[in-house]
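This briefing covers chain-level figures, helix packing and backbone geometry. Please look through the sequence and the model before reading on.

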Amino acid sequence: MNRVKVIETDQLTKTFGRFTAVDHISFEVNQGEIFGFLGANGAGKTTAIRMLCGLLEPTSGTARVAGFDVYKESDRIKRNIGYMSQKFSLYGDLKVWENIRLFGGIYGLTDKQIATKSDELLDLLDLKAERNTLVEALPLGWKQKLAFSVAVIHEPRIVFLDEPTGGVDPVTRRRFWELIYQAAARGITIFVTTHYMDEAEYCDRVSIMVDGRIEALDRPDILKNQFHAETMDEVFYALARKATRGE
Amino acid sequence: MNNGIRIQQISKSYGSVQALEALSIDIAPGELFGLIGPDGAGKTTLFRILVTLLLADAGSATVCGLDVVRDYKALRQRIGYMPGRFSLYQDLTVEENLNFFATLFKTSLQENYALIRDIYERLEPFKHRKAGKLSGGMKQKLALCCALIHKPDVLFLDEPTTGVDPVSRVEFWDMLERLRNQGITILVSTPYMDEAARCNRIALMREGRCLSIDTPEHIRQAFSDVLIAVHGTPMYPLLLELRRYPGVHSCFSFGDAHHLTISQSQAQAQGTATFIEKLKIRLTEQGFSDISIKTIPPGIEDCFMALEEQPAGI
């Protein structure tokens with residue numbers, strides 16, 4: 001398939017002293033794809049994501065994100081991606097509209113674009129009545145939806161989601177994935193990590209990292225076939241159990 | 001051993017937010033009991049009340065027969081608590097943390113070593129590392145060791161597996177089972193529904209209330225709707241189509257299939273087989289491929305979602 005590549009890495013590596021956190025990983029992600037980036041705690045996912053977001057310089061290997069080089073063009077990468085994690089997303093002591101305004105500004109939207117986008121967003125998320133509410137007072141599920149919407153407010157080429165759904169109830173978790181589907185349908189590439197293996201099934205393709213290397217990368221149904229597994233949980237277990245390094 | 005937990009009509013609010021609402025649960029000695037529910041269910045508030053760190057507005061509770069308010073000093077000697085947030089000393093090493101907690105309880109690492117041996121063996125290679133520099137999985141193991149060091153009769157674990165990968169979660173639950181087999185009562189909370197199956201009994205909690213308290217098996221048996229798994233390509237349009245389909249009560253994604261429910265009365269009127277047959281024809285007409293439709297037994301997550309829909313208080 002001749003699709004546009006939004007992420008391309010070749011032998012991407014990061015070492016800290018004698019420790020190789022990310023060990024020669026090579027993979028590609030297509031435009032509009034939902035790509036699941038899985039691995040046990042300590043497998044090297046966070047280090048890899050930090051390199052892809054232009055926050056950490058690799059030790060060796062190459063990577064291009066949204067068409068830009070991670071070594072030389074990290075500033076341009078940051079302007080063309082969105083990022084959301086459970087730990088860092090919104091400012092709790094700012095109101096809903098202030099958060100939208102802040103992130104719109106950071107991502108380089110004009111005042112007029114921010115005004116239009118704010119209305120659209122509040123409407124879409126059914127948050128109109130909460131416009132002036134402090135974010136810390138919102139239920140977790142609403143915060144997550146707002147955080148995601150803010151992370152894609154500038155319609156980036158790609159959005160990185162680092163365990164976006166931890167702790168929420170089952171219905172909210174699924175509603176959140178519907179937002180992901182909608183963004184992917186608009187052409188935004190989704191790069192997502194999760195510890196919920198049912199969510200791995202919602203991805204077009206998933207990779208599984210073990211001890212800094214990508215040990216498997218394919219469509220969930222193909223991986224399940226390959227590992228003679230009924231569920232992605234079993235695939236993950238078969239691979240991650242082999243990990244040798246102490247988390 | 002009299003190491004049960006009795007919670008009677010406990011209520012607690014923070015300002016206008018009702019965190020717990022007249023909650024009552026009886027936990028038997030030696031039980032591995034799970035509090036299952038999302039953020040905001042009131043799990044942490046309940047823990048803090050039971051470990052004598054927070055006063056309830058109303059109601060009473062005993063642990064090991066000791067009142068959580070009146071007998072708090074005696075009670076603290078009998079329980080181990082692992083809070084949801086990592087709260088060991090980050091600038092002390094693994095070994096220093098363990099020795100510190102052992103000293104607080106006037107014991108030593110050696111005295112109850114048998115209890116923590118299989119957990120501590122995993123930590124030992126890192127014993128000179130500062131706690132703040134440990135990975136998430138290792139912090140979790142250290143926190144569990146510290147909570148066990150004085151050989152408590154009851155163990156309180158607040159979301160010990162949140163953010164932990166599936167393999168480490170399975171290992172953690174294996175450890176809990178071994179502790180339970182030594183007679184320790186364990187109250188553990190989790191947002192992961194699949195962990196419910198590892199508990200003797202569970203309480204499904206939401207917004208300060210219990211939706212249901214029973215064994216995981218009984219909770220599954222009490223599921224009253226007919227549950228059908230539907231797979232087809234493409235999956236997201238299929239989800240939207242299923243939600244529009246007449247007779248469908250609810251429909252959500254569950255990994256590689258969507259789970260839809262039809263009410264018992266609907267199923268009786270039409271017959272589940274007929275419903276499935278008609279649905280298959282309809283989906284084929286709509287252009288979906290790889291269609292598979294079958295009735296399945298509910299999991300705990302299906303049960304939680306069904307209970308959540310009901311008006312509170314039932």
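Among contacts in chain A between residues at least 6 apart in sequence, what percentage join residues at least 24 apart? The share is 67%, where contact means heavy atoms within 4.5 Å. This is a predicted model, in which local features need pLDDT of at least 70, side-chain atom pairs count only at pLDDT 80 or more, and totals for chains, interfaces and linings use all residues. Residues are numbered from 1 along each chain as its sequence is written, chains are lettered from A and ligands numbered from 1 in the order in which they are written, and side-chain values use heavy atoms, with hydrogens and water left out.

**Chain A overall**
- Chain A has 9 helices and 10 strands, taken as DSSP runs numbered from the N terminus (helices H or I, at least four residues; strands E, at least two).
- The radius of gyration of chain A is 18 Å, close to the 18 Å from the globule rule for 247 residues, so chain A is as compact as a globular protein of that length; the radius is taken over C-alpha atoms, and the rule is 2.2 Å times the number of residues to the power 0.38.
- Of the 247 residues in chain A, 56% are buried (buried is under 20% relative accessible area, exposed over 50%, partly exposed in between; 1.4 Å probe, protein chains only).

**Helix packing in chain B**
- Helix α5 (residues 136-148) of chain B packs against helix α6 (residues 166-181) of chain B at about 15°, with axes 12 Å apart; axes are lines fitted to C-alpha atoms, for helices over the stretch in contact, and angles run from 0 to 180 degrees between N-to-C directions.
- α5(B) and α6(B) are therefore roughly parallel (under 35 degrees is roughly parallel, over 145 roughly antiparallel, 65 to 115 roughly perpendicular, the rest oblique).
- Residues of α5(B) including Leu144(B) and Leu148(B) meet residues of α6(B), among them Phe172(B) and Met175(B).
- Helix α8 (residues 235-244) of chain B and helix α10 (residues 272-285) of chain B pack at about 130°, with axes 12 Å apart, and are therefore oblique to each other.
- Leu238(B), Glu241(B) and Leu242(B) of α8(B) meet Leu279(B), Arg282(B) and Leu283(B) of α10(B).

**Backbone geometry**
- Thr233(B) and Pro234(B) are joined by a cis peptide bond with omega about -5°; Pro234(B) lies in the loop between β11 (226-233) and α8 of chain B.
- His24(A), not a glycine, has a positive phi of about 55°; His24(A) is in strand β2 (residues 19-30) of chain A and is partly exposed at 44% relative accessibility.
- Cys64(B), not a glycine, has a positive phi of about 55°; Cys64(B) sits in the loop between β4 (58-63) and β5 (66-67) of chain B and is buried, with a relative accessible area of 5%.
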